[in-house]
Structure formats: C-alpha cells, structure tokens
Amino acid sequence: MPEAKTKKELTREKFANFLEWLNPDPDRAGEEYERLRFRLCTFFSQRRCCFADELADETINRVIVKSSAERIENKIAYCYGVAKNVYRESLRRERPHLDIDEVTIAAKVPEEPSFSRECLDECLEKLSSDNRNLLLDYFSEAKLAKIELHKRIAESLKMTQTALRMRVMRTKLQLKICVQECMG
C-alpha cells in the first residue's frame, strides 16, 4: 500500500483503537507501542535496512489501518508478517537498476580458432552418408520452418524428437572433434 494512501486512512481514532488493541490500560499500551516499535526497528536493522525507523513506522501504520478493519488474534505475529512484506517492498525499491549502456566488459571473449572450410568438408565426408545427410537437413531451415522440419525428420526416421536431437548432438560432436583435429 503506498505511503500516501496509508497516511490518508490513518486517524487519531484508529491510533487510539490500536493502542487499546495493544493493551486496554493506556499506560501499558504506550509501553507496548514503544516495545513493538523497538522490536520492528531491530527486525529491520538486522536485515541491514538503511531506514529501519521509517520501515518500522510504515509497518505500524499499516497494522493500525488493518487492525481497525478486522479482528487479529496474534498481534505480534501479525506485525512481523506485515514487517516482512514492508521489508520485501523496500528491497525492490532499493534494488539498483542497471543501465546497460554503462556496462563494460572486463575481458574480451576469447576468439574461436578460425574455421576451416576444407576441414569441415573433409570431416563431413568421413561421416556415414546417413549422418551427413541428417546433419545437413537438420540445420537447413530456420525459425518455424525448422520446427516443422524436425518433426518431419523424426517421423521419417520413426523416432521421437528427443531421440533425433540426441542423434544429431552425437553426430555434431563427432564432426566437431574431427574438425578440431584437422585444424591442429
């Protein structure tokens, strides 16, 4: 609940009812209020919140508004539940927003060794004709057409798409090892 909305709903009458909710004896109610506020400040401080006092006050304000609207049995547990929500909201507000334009890369990405077309052709010839044709067909389409192609290939080979992906992955790994050996 935004802070402005909470303050609009907070009245002297609701605060008096809250104190009575804490303890029917006015002197004890003041002590209970101070004790609750101290516990909430401690709760937020232990979580390294920058503005623990403000978060404790926000929590109490929300509890005051809610306690006037409905009956709450376990007061302290309810206050801590509200405090947890206030804490999560504060984390979202304090989370730094990263500007992608200000990001610099610490190190350059290592370059892949240059690709040799001759080695690829040579290694493709070493594959069985079924595996060579499968790889060339499998990677021949893009986007939606690729999905449909993969379904058709799996159906023609009478296997599931997962089995097809595994077969292609193994064949592709064989091809990669061969190309790497060829390139030295």
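Modeller: Let's start at Lys 158, which follows helix H8 and has a positive phi, near 55°. Helices here are DSSP runs of H or I with at least four residues, numbered from the N terminus. This is a predicted model, in which local features need pLDDT of at least 70 and side-chain atom pairs count only at pLDDT 80 or more, while totals for chains, interfaces and linings use all residues. Residues are numbered from 1 along each chain as its sequence is written, and side-chain values use heavy atoms, leaving out hydrogens and water.

Now step back into H8 itself.

Which residues of H8 are buried? They are Leu 149, His 150, Ile 153 and Ala 154, where buried means under 20% relative accessible area, exposed over 50% and partly exposed in between (1.4 Å probe, protein chains only). Viewed down the axis of H8, these buried residues fall within an arc of 130°, so they line one face of the helix; the arc is taken from the directions from the helix axis to the C-beta atoms. An α-helix has 3.6 residues a turn, so residues three or four places apart point the same way.

On the face of H8 turned away from that buried side sit the exposed Leu 144, Glu 155 and Ser 156. The cover over the buried residues of H8 includes H7 and H9, judged by contact, meaning heavy atoms within 4.5 Å. In turn, H8 is among the helices covering the buried residues of H9, including H6 and H7 as well.

Notes
Helices (H or I, at least four residues) and strands (E, at least two) are DSSP runs, numbered from the N terminus.
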